[in-house]
Every structure is written in structure tokens, then in C-alpha cells.
Amino acid sequence: MFVDNSTVVRIKTVSRSIGPLMLVGALWIPGSLLGSTASFQAPVSGGQVMNQYCSPCHGKALAPANVALPLNPTVAQIRANPTLYGRALRAVQSGHMPPKGAKQPTPAERSALVRFLESSLSAEAPRVTMRRLNRAEYNNTIRDLTGLDLKLADDFPADDVGYGFDQNGDVLTLSPLLMEKYIDAAITISSRLVPDTSEKEFVHAGVEFDSKTSSSPLGSDSRMFYKNGVGELMVQTLVGGDYRLELTADGDQAGDEPCRMSCWLNGEKIKTFDISATRDQRMVVSVVVRMGKGPNVLGVSFDNDFFSPGAKADRNLVLHQVKIVGPLRGTASAGGAFAQRPDAGNVRAITRRTIEQFAAKAWRRPVTADQLDALEAQARKFTEWEDGMRAAIASVLSSPRFLFRIEQGTGASRPLDAYELASRLSYFLWASMPDDTLYARAADGSLLQPEELDRQVARMILDPKSRSLSTEFAGQWLQLRKLQSHVPDKSVAGPAPQSLVKSMIEETTRFFDYIVRNDRPVTEILDGQVTFVNGELGQLYGMPDVTGTSFRRVSVSSADRRGILGQASILTLTSNPTRTSPVKRGKFVLENLLGTPPPPPPPGVGVLNDAPAVVAATSIRDRLAAHRSNPACANCHKQMDAIGFSLENFDPVGRWRTVDGKFAIDASGKLDDGTEFLGPQGLRKLLMDRVDLFATNFTERLATYALGRGPTPADLAEHRRIAAAAAKSQYRFSSFVQELVKSPLFLKTGGGNP
């Protein structure tokens, strides 16, 4: 227990018998309960620690980094400025403050200050009760709801990003343009689910039938077959059923029989016709065929070529057009829940049940009677059943209940109901809607039981849809999306830099997916000994036995390549197009891996001099040393640069090197606290020695993604608890997820506090 701003005493650690009892360890007890005694040690409170170690610098009018901390701050003052004191908490917790050279608190004092700030900041977290589906979630949800992988959201406006992720509820606004896109998409989807089954005519000119070796175009529309062969055309049918094919043809007649033409469907001969018409007389023949929904290949063949040079006789077939009529009435079959209109006697019952089932899945919870009545009434406005169903489906898909994940209620945070929990879980692990199994566990209420929640999490992680954790979560946390627009110079990347970058992204995505699917420790992000490469990356990494375009799992033979800091994706992302950037690499490690980002640069700071003459004459280390001579730059750069220098053996695309131009690589680094390290292996040891910081940062990023809101200082204690619990299983991925989804952060509306 921690009691601030009161007299607190600690019984010295002892181990001795007191009658039948054994007293072991340390107890924290208010001194007022014990009276004064010289045998007790009285540590200062968290507020006193702040006054003693922080105020000498940050209590001044011109405080460092504009961080001014008043003397004796109250809990109310701290809660009124959570951003400021959250920064202070992170700096103290990570050991960055007090800085080197200043008086340092004892471990007990530092711990007291951390607990004081955490307890003071533990106010109710901001609530995000409505969150729009982002583009990836929309595409995935439509795919899983309808079976149509249309990717319509790729044409939507780009989603804004908050706290590093594009599913942050605070920035997922709804513009008039996006609403128009939603309505257009809903109409498109409903038309695909309930196609128009009325008879239509589709006319294809003969020239469209491809047969390069046996025919040639004749005029702008027709095709002449001058020897035996088949011309083919792929047609897409939205509705399966019977179709009538009407073929218009004539020919050059020669020999003792007319031109013979056959009709084919999907590689099978359907019917053969005698075409007796001569040029420009034309004749029409027809046949009824059954075509399935989707692509179908129509074929027309010339079967009896004849040529007699002596008699100057040449038989040729001319195809002018093929008309497709259908689906013929009464034969249509669209497939799925909306395939056929119901019989006259049960139209209303089937319509109501079909709409209810679709809306419940789309809205991710049961439909109320009033909602169902409104949807059914809309469908009944139309004479044709198909038109009504399309209108109802489009309404479901345009509703806020589909486009937003809504947590009902206002006021104080409350426990999620089973359906809300199912949605939060599925969009966290799959970036998509709950499947039938998860929905059923919500319907019977068992999902609210911890044991069932554990079972569902384990099942969902193994499902192929959990790859979204790699493409969406890791892709944004590790900034792989930014790499898509980062094209290194051909002078370092070779002739196909865009292809190489695509391979880099795939390697890291597969690597993270391997950790997820095999429940590996997340610390392998730092020191993993396997990766996934194709021929492009094999050549870059010096693996001559890896060839071709397919990716394969390989063991990392060089200790310098272990983990993501040895992968080309991260090394390229943190470089400039033509040279490495120790600053960017150091900042990536501090911000993305340790969660201790440097403050933003002060205004007016110049950029590094990259003039060709300067680059040729001065090493990157010396140029950065000159940059750090500016006092405004030195404080941030001394940490970033030291980390970045350890990765200098990797060139701008991650290829190993020992020299940079004419300068030998110096991969040594030294932190402000005196810690020295050398090269990628030294950096990896440095990070593994700070694995608690990495694990807490990983928890924070995972929670930010899962909750759809940014972290608050009030969350930090729970993030640390989750990371500490995961440590008991050697930081296996599933332990982070299991602890998070059973945390009050996840189980309460808006992601409330414990």
C-alpha cells in the first residue's frame, strides 16, 4: 500500500519467530498507528522525492524542455495536467530523469515517485463509445458478412491516424464524401447479393472471340475463320440460369458441304450447326445453355475447313455476333440467402426472417422488433421481391449500426455486454466481425466467463484471419506502411527498388505472423533467430542458396541479423534514400521499441549537411558530432545517435558493410549514463537488459490498437501489470492478449480504468 502526504514508516526486513508467527519481508504501515520509534525507517513520500530531485531544475521559470513542475503538487494539480505529469512519469520510470550528472534517487525513492504519480493519475479514462470501421475493417467485414471480397473501401478517403493507428476513434470522422461512398458501396453490395433476374440481352461482336492462330478480324465487328480452330470469350454472369445463345454467321462456301460451326461452353461442345448462308446473307442459329454464376467461357469453332488451289475453292466461316439472352424466366439462381424469391404463400415470413438474420450479423447484435418492422416495411414498398430485398440490405449496410461499433449508454464506464465484447474481441484479433461461433458464445452469455473468453482468444489467434495482427497492428506499430512510399535510390537498392521494398515488408509481416501463430515470446522481435526471405532478400543478405520469388523460413546464421533490427524493412525505413541515418534509427528504437521518444526538435534547428563535397570529406559520425555541438541539439541527439551508430554496418537498404565510402565503420555507442555497446549485438543486449521497458511499450501499443483510443497516464499502471504478468510466461504473445482482454481496460465501455 502507498499512502502519500502522510507519515509512513517501514518495518525493517526481518525473519524471526514471534510466538507462533513468522514475520518476513517489509510492511508499509501509517506511522500514526505505531507511534514514534527510532527502530523504524521513515522514507520520504513521492511528493518529497519530486521536490528533492525534480524541482531544482524544473521548478525554475525557464525549466528544461519547457517542463515546469511546481513544488508540492497535489493530486488535483497532477490530474488537471495529465500530459505533463505523464511525461514526467515516463522519464522517471525509464531512468532518463534525473539526467546524468544530477543527484540520483535511490531505487526505493524512484519507486515511491513512480507509485505516487501513477496513483495520482489514475482518473477515469476518456470514453470512446462510437468508433467507425476503418477501411481495412470495412473490407474484411463485408467479406465475412457476404462472401464478397470486393475491397470497395480501397476507393474510400484515407483514414486519419491517431497515436500511430488508423482505427483510433477520435480521428475516424464521417465526411459527406465518405457517406456518399458508403451508400454507393451498399447499393453495389446489395445488387451483387440480390441480382436482377429479369431477362436481358448482351451482344458480343464476333471480333471479340479470340483465336489468333486460326482467324483474323474482318471489318470492325466480325471475325473470319480461315482454318479449323476455336475462338473464345469469357463472360461474367451475376446470376446462374438458362441462357439462349443466338449466333449470327455466314461463310465462303466451297466443296460438297456447308460451313460447319460448333458452340462450346467451358471447354465442352454444346451443339454443331451447318451454316449454309453465303457472304452478306447471314443466318441466325440458337441454343439454350445453362451457365453458372461467375465467369463462363463461350467458344465458337470452325470445324470443316476446305481449300482447293486448282479449283480456286476456299471454305471460310464468318462470325458476326453472339447475342446472350437471359436468364430465361424461372431458371435464375443467384446463390446464397437471397437466391430465389419465396413462394407466394410464405413471402412475408421468409422475407422477415432473411432480413433479421442478415441485419443481426451485420449489426453484430440481435435486431429489435421495431428495427425489423422498419426494414420489412421498406422492403414491402416495392412490387418486385428482389427490389425490396436490395433496398433492405442497402439500408442495413448504410446504418450507423453497421458502420460504427457502438457501445450503448452514457455516464460512467460500465462492463461490456456479451455482444459488445464479441465485437471488441473480433476487431482486435481479426479486424473484422464476429464469426458464427463467437456470436453464439455472445448469445448464450458464456463469453463473459473468463474460461470461455480464454478459449475463444486461443481459437481466434490460430485462425488465418489473425494475420490482420501482422498487417494492421504490426504494420502500423513498426511503420511498415510508411515503407510502402519510401523508395530507396537505385544506386543502393539496385534496378528494382519497389519490388525489393515489397519483399522487405513481406519478410517482417511473415516474421510477426510467425510469432503470433506459434505463440513465441514477443522478445523475439528483438532477438529472433528465424526469418522469411525470397531470392531478392537472399541476395541482399548474402544467402546464395535462397532463390526464386517464394518466401521460405530460414535460420539467421549471423548474430548481427537477429530480430527486426537486422531486417531490411526497418533498416531501409530508418534511412534516407541514399545514405543511412543514425538519428532516424536511434529515434525508431527509442520511440517504437522502448516507448521513450525524444522530445520534438526545437524550432530553427538545421539539417545535416549532405553536400557531396562534405559527404566525401567527412564521416557521418563527424558530421553528427558537429551537429551536437549546438546545445539545443545535444540533449536529444546524444541518445539517438549512440543507438543509431551501432547499426551503421547496415547500409541504407540493410546490406552489411564495413566501410562507408572511404571511412571505416565505427559501430560503437555510449549512452548518457555511461553504458557502452558495440554493433547490432551490443545494441540487442542493451535492449534485452531493458526488456521490461520493451514489454510495457508493447503492451501500450497493443492496448492502443485494441481499444481504439490513445493511452492515458491513468493506464500506465495497468500496462505495467499486464507486462509483468506476461513475463511469467517468458513474454509469449498469447499472454499479452489474454491479460489485456481480461483487463478492465478491455472489459469496460470506452476502455475504462481498473
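Student: In which hand does H12 pass H13 in their crossing?

Tutor: In this predicted model, H12 passes H13 in a right-handed crossing.

Student: Which residues of H12 and H13 meet, and how do they divide by class?

Tutor: From H12 come Ala 418, Tyr 419, Ala 422, Leu 425 and Ser 426, which meet Leu 438, Tyr 439, Ala 442 and Ala 443 of H13. By class, this contact holds eight nonpolar residues, one polar residue and no charged ones.

Student: Why are H12 and H27 called oblique to each other?

Tutor: Helix H12 (residues 418-429) and helix H27 (residues 691-707) pack at an angle of about 125 degrees, with their axes 8 Å apart. The range from 65 to 115 degrees is kept for roughly perpendicular, and roughly antiparallel requires an angle over 145 degrees, so the pair H12 and H27 is oblique. The crossing of H12 and H27 is right-handed.

Student: What makes up the contact of H12 with H27, by residue and by class?

Tutor: Arg 424, Tyr 427 and Phe 428 in H12 meet Leu 702, Tyr 705, Ala 706 and Leu 707 in H27. Six of the residues in this contact are nonpolar, none is polar and one is charged.

Student: Which residues does Phe 733 contact, leaving aside its neighbours within four places in sequence?

Tutor: With those neighbours left aside, the contacts of Phe 733 include Ile 461, Leu 469, Phe 512, Asp 519, Arg 520 and Phe 698.

Student: Why does Ala 616 count as partly exposed?

Tutor: Ala 616, found in helix H23 (residues 612-617), has a relative accessibility of 46%. Buried would require a value under 20% and exposed a value over 50%, so Ala 616 counts as partly exposed. Leaving aside neighbours within four places in sequence, Ala 616 is in contact with Lys 662 and Phe 663. The C-alpha atoms of Ala 616 and Lys 662 are separated by 7.9 Å, although the two residues lie 46 residues apart along the chain.

Technical notes: Residues numbered from 1 in each chain as written. Predicted model: local features only at pLDDT ≥ 70, side-chain atom pairs only at ≥ 80, totals over all residues. Heavy atoms only, no water. Axes fitted to C-alpha atoms, helices over the stretch in contact; angles between N-to-C directions. Helix = DSSP H or I, 4+ residues; strand = E, 2+ residues; numbered from the N terminus. Parallel < 35°, antiparallel > 145°, perpendicular 65-115°, else oblique. Left-handed = near helix turned anticlockwise from the far one by under 90°. Contact = heavy atoms within 4.5 Å. Nonpolar A, V, L, I, M, F, W, Y, C, P; charged D, E, K, R; others polar. Buried < 20%, exposed > 50% of the residue type's maximum accessible area, 1.4 Å probe, protein only.
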